[in-house]
Amino acid sequence: ARIPAAARANSSVEVCATAEMHVMRLADPDTAQLILGNLTEQLEKLQLGAAGARILSGREEAVRGWVTALQLTGDAVGALDWDGASAQLTVPVSRAEHEHHEDTDQEITVAGVTYNLHSQSNLCYGQAEALNRHRAALLLDHYRQHGSSFGNLTSVAVADPCLPPGAVVAAAPLAQLFSSPCTQLRDSALMRSILAAGNLSVSVVPATASYDTCSSRIEAQFV
């Protein structure tokens with residue numbers, strides 16, 4: 001409705017998905033494609049010149065985040081885009097640095113000014129997925145400490161040194177904790193062994209508060 005009727009034939013609209021859809025495409029490519037296809041079909045009904053839906057690459061997401069920061073501040077030095085599933089970092093570099101890393105950096109022009117940018121995107125390091133990986137690691141340690149078996153248990157409580165006293169976290173099915181590609185274990189045999197517990201319910205509860213223990217657990221996510 002905001003596009004003048006005379007301009008619609010030469011206008012386009014594009015819905016760009018970010019890292020959460022990357023994760024979905026890894027976990028369930030058919031569903032991800034169905035979502036994108038349905039969106040594209042609906043957008044085409046707007047009768048614009050071009051319309052569609054697609055998933056941004058990590059670098060595209062990183063650069064667009066930096067451009068947004070530049071437009072909002074007028075003088076963006078660097079931009080960290082920390083969303084649910086990924087983390088993007090983009091910083092300007094000198095021409096010499098750009099030429100040295102030309103295969104990974106890119107040149108863009110915004111409002112007539114050209115910038116050389118270095119950007120990187122790290123899937124599974126967004127806030128939600130990083131938290132899931134942290135909790136999956138806690139459960140894995142609990143599993144190993146108790147003889148690599150959950151026996152006939154229907155529920156298990158895992159202590160988290162990063163939770164403040166009194167914090168309440170809703171219990172979740174074991175399979176849900178490991179449903180994301182970001183939390184699936186490289187050791188397929190171990191993964192099968194853990195998931196053999198079936199409908200086990202997992203609760204995360206506060207442990208004795210410890211800044212050092214919490215910090216070391218978080219740092220372990222980046223090793």
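This is a predicted model: local features need pLDDT of at least 70, side-chain atom pairs count only at pLDDT 80 or more; totals for chains, interfaces and linings use all residues.
Q: What makes the pair of tyrosine 125 and phenylalanine 222 tilted?
A: The structure holds three aromatic pairs, and in this one the ring centres are 5.2 Å apart with the planes at 35 degrees. Pairing needs centres within 6.5 Å, and stacked needs planes under 30 degrees apart while edge-to-face needs over 60. So 35 degrees counts as tilted.

Q: Which parts does that pair tie together?
A: Tyrosine 125 sits in the loop between strand 6 and helix 5, and phenylalanine 222 in the segment after helix 8, so the pair links parts 97 residues apart in sequence.

Q: Why is phenylalanine 222 called exposed?
A: Its relative accessibility is 57%, and exposed means over 50%. Tyrosine 125 comes out at 27%; that falls between 20% and 50%, so tyrosine 125 is partly exposed.

Q: How do you know that arginine 133 lies over the face of tyrosine 125?
A: Arginine 133 is 4.4 Å from the ring centre, and the distance cut-off is within 6 Å.

Q: What makes tyrosine 143 and phenylalanine 150 an aromatic pair?
A: Their centres are 5.0 Å apart, and the limit is within 6.5 Å. With 50 degrees between the planes, this pair is tilted too. Both tyrosine 143 and phenylalanine 150 are buried.

Q: Why do strand 7 and strand 9 count as paired?
A: They share six bridges, in the parallel sense, and at least two are needed. One of the bridges joins serine 155 to serine 201.

Technical notes
Residues are numbered from 1 along each chain as its sequence is written. Side-chain values use heavy atoms; hydrogens and water are left out. Helices (H or I, at least four residues) and strands (E, at least two) are DSSP runs, numbered from the N terminus. Rings of Phe, Tyr and Trp (its six-membered ring) pair if their centres lie within 6.5 Å; planes under 30 degrees apart count as stacked, over 60 as edge-to-face and the rest as tilted. Buried means under 20% relative accessible area, exposed over 50%, partly exposed in between (1.4 Å probe, protein chains only). A charge sits over a ring if NZ of Lys or CZ of Arg is within 6 Å of the ring centre and within 35 degrees of the ring normal.
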